[in-house]
Amino acid sequence: MQSTEVKTLIESSLADARVEVEGEGCNFQLNLISDTLAALSPVKRQQQVYALLNPYIADGRIHAVTMKFYTQEAWASRA
């Protein structure tokens, strides 16, 4: 799976989310920028993203995913 496919999948499914994807093949680091997701508990955030990715994890196109969540403000002010 390509990083652009992961980005498109998440951004088209989660209304205000912007995603920066690092990695390729089957291992990805996701930086998710969304005030809506950032307002949720850590478990709820991951559940929303995994709900989208699980079919690709199950069929082996994605092997490993790590996620970091940012508000719009936190992403803009990171060093």
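The legends below describe close-up views of a predicted model. Local features require pLDDT of at least 70 and side-chain atom pairs pLDDT 80 or more, whereas totals for chains, interfaces and linings use all residues. Residues are numbered from 1 along each chain as its sequence is written, and side-chain values use heavy atoms, with hydrogens and water left out.

View A. Asparagine 31 lies in strand 2 (residues 27-33); strands are DSSP runs of E with at least two residues, and helices are runs of H or I with at least four, numbered from the N terminus. Asparagine 31 is buried, at 7% relative accessible area (buried is under 20%, exposed over 50%, partly exposed in between, with a 1.4 Å probe and protein chains only). Beyond its neighbours within four places in sequence, asparagine 31 is in contact with residues including Lys68, Tyr70 and Trp75, where contact means heavy atoms within 4.5 Å.

**View B. Lysine 7 and glutamate 11.** The side chains of these residues form a salt bridge of 2.9 Å, N to O (a side-chain nitrogen of Lys or Arg within 4 Å of a carboxyl oxygen of Asp or Glu). Because lysine 7 and glutamate 11 are four residues apart in helix 1 (residues 3-13), about one helical turn separates them.

**View C. Arginine 18 and glutamate 20.** In this salt bridge, the closest N and O atoms are 3.6 Å apart. Glutamate 20 is partly exposed at 32% relative accessibility, and arginine 18 is partly exposed at 34%.

**View D. Aspartate 59 and arginine 61.** The closest N and O atoms of this salt bridge are 2.8 Å apart. Aspartate 59 is partly exposed, with a relative accessible area of 43%.
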